[in-house]
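Hi,

Here is the structure I promised to pass on. Have a look at it first, and then read my notes below.

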Amino acid sequence: MNSIGFRHGLRLVFLFFFQVLVLKQVHLNWGDFNYISIILYPLWILLLPVQTARWILVAGGFLAGLGVDWFYDSPGVHASAATFTGFLRPFILSYLEPRGGYNRVPIPSKAHLGLNWFVTYASIMLIGYLFIYISMEVFTPALLGTILVKTLFSFIISILMVLLYMFIFDPK
Amino acid sequence: MQNLFAFFYRYAFVFLFLILEFVSIRLIVSRNENQRTIFLNSSNLIVGTLYERMDAVRKYFGLRQDNAALAEENSRLKNQLANLMNASPLITDSITDTVYRQRFVMHAAQVVNNSIERRNNVMTINKGARDGIDKYATVVEPTGIVGFVTHLGIRYATVMSILNSNSRVSAMVKRTSTRGNLVWPGNSPLIMNVEAIPKHADVRVGDTIVTSSFSHFPAGHPVGEITKATIEPGENFYLIEVRLFNDLARTNHVYVINDLHKSELDSLNQFNTQK
């Protein structure tokens with residue numbers, strides 16, 4: 001049990017610093033095209049054990065988001081999105097529950113449930129995260145078009161990063 | 001009673017979720033009101049130092065452009081100096097010329113952390129209170145304006161970029177001195193809008209926009225060029241698009257400007273608003 005906790009802690013530390021020190025510095029803009037934020041760290045919430053208590057998902061999301069906000073100079077923005085992601089996870093997991101349930105599945109990852117399942121799961125969660133994050137960031141419903149465009153482009157790059165991470169650190 | 005406890009226990013995560021979302025939104029809103037959140041920003045030593053280390057690596061990739069820009073600025077300044085040196089030596093009288101008394105003090109700084117893709121972009125620079133930077137000092141680069149200092153750490157400061165929904169800079173059309181407000185509509189990092197220029201003013205595509213004397217920036221600092229100036233039917237003000245001279249995605253060497261007259265101007269303004 002302890003080693004499992006250690007692994008999740010290590011993943012959090014790695015994803016956190018990769019997000020704030022590397023991905024934050026990457027500006028994917030060409031002239032007037034300026035719609036991409038690369039977000040990878042919510043993968044930590046996605047990969048917590050299936051049995052994780054719901055309040056831990058919510059509180060853990062909040063704390064991780066607050067930490068990222070500290071580096072992004074955006075108090076509350078990442079925190080609200082990550083809290084939402086933690087809250088959303090149990091509902092998505094039960095919606096995507098495979099035949100036979102999650103009995104033999106420790107964490108909802110690509111290696112345990114297959115690539116197709118994981119892409120669906122990660123896509124729903126990431127779109128949820130990005131939509132809340134960008135809405136909170138823009139903070140005016142009037143700019144819904146901008147919010148949707150930013151969500152779409154950020155999602156395409158972010159899901160590629162998630163899959164890259166999974167193929168490197170979680171091969172079959 | 002037991003059922004009630006069971007109910008709360010079962011749905012504790014929903015309450016926790018709602019409370020934490022409330023806290024988050026409170027943080028977002030309080031920041032928009034007036035930078036009251038003194039924690040959670042990158043001007044502190046830990047975040048600032050980490051960013052400076054990372055930035056040392058990134059800087060290598062832009063050395064050539066940086067050198068070219070600095071050399072260009074040097075040559076321009078040397079030209080100005082040469083003009084001053086050649087002034088006629090016949091006038092030898094000495095007068096105390098208060099017209100040219102210094103108002104602005106500049107400090108060179110480097111951007112160690114930057115963003116452009118968000119609605120509210122913020123930078124970190126590697127100069128802080130220890131280096132003599134004032135709170136609410138302005139930040140420019142030779143080709144354009146960059147932003148305002150908002151949080152002052154000991155060795156770092158956080159700068160609200162002009163690419164921020166809370167940023168509002170008084171700017172004017174250079175040719176006619178008509179004033180308006182420079183704001184960022186939120187998409188392209190190169191395009192800003194100038195608001196509140198009345199429709200009777202003479203504004204043409206191609207005009208240069210510079211900072212006005214109402215702003216805290218030194219008056220006349222270049223900002224950008226007008227690419228679109230239209231009047232929507234029924235509106236009393238122009239819809240003006242400005243293409244910035246500087247690309248904030250590549251901003252690296254900046255000047256932080258302390259305004260020596262700021263406290264006097266502020267106390268006058270305070271006097272005005274109290275009456």
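Among contacts in chain B between residues at least 6 apart in sequence, what percentage join residues at least 24 apart? The figure is 60%. Before you go further, do keep in mind that this is a predicted model.

Let me stay with chain B for a moment. You'll find five helices and 12 strands in chain B. Out of its 275 residues, 33% count as buried. Chain B is split into two pieces: domain 1 covers 2-33, while domain 2 is made up of 42-84 + 104-275. Between the C-alpha centres of domain 1 of chain B and domain 2 of chain B there are 39 Å.

Next, the place where the two chains meet. Chain A puts 34 residues into the contact, and chain B puts in 34 residues. On the chain B side, the elements giving two or more residues are α2 (12-33), α3 (45-59) and β2 (120-125). Sorted by class, the side of chain B that touches chain A has 18 nonpolar, 10 polar and six charged residues.

Now over to chain A, where I looked at two helix pairs.

The crossing of α1(A) past α3(A) is right-handed. From α1(A), the residues A:Leu12, A:Phe16, A:Gln19 and A:Val20 meet A:Ala64, A:Gly67, A:Val68 and A:Phe71 of α3(A). That contact has six nonpolar residues, two polar ones and no charged ones.

The other pair is α6 (residues 115-138) and α7 (residues 144-169) of chain A; their axes come within 9 Å and cross at roughly 140°. α6(A) and α7(A) are therefore oblique to each other. Here too the handedness can be given: α6(A) passes α7(A) in a right-handed crossing. Among the residues that meet are A:Phe118, A:Leu126, A:Leu130 and A:Phe131 in α6(A), and A:Ile147, A:Lys150, A:Phe155 and A:Met166 in α7(A). By class, the contact of α6(A) with α7(A) comes to 13 nonpolar, six polar and one charged.

That's everything from me. Over to you!

Cheers

Methods:
Residues numbered from 1 in each chain as written. Chains lettered and ligands numbered in written order. Predicted model: local features only at pLDDT ≥ 70, side-chain atom pairs only at ≥ 80, totals over all residues. Contact = placed C-beta atoms within 7 Å. Helix = DSSP H or I, 4+ residues; strand = E, 2+ residues; numbered from the N terminus. Nonpolar A, V, L, I, M, F, W, Y, C, P; charged D, E, K, R; others polar. Left-handed = near helix turned anticlockwise from the far one by under 90°. Buried ≥ 20, exposed ≤ 12 C-beta atoms within 10 Å, placed from the backbone. Domains from an automatic or database assignment. Axes fitted to C-alpha atoms, helices over the stretch in contact; angles between N-to-C directions. Parallel < 35°, antiparallel > 145°, perpendicular 65-115°, else oblique.
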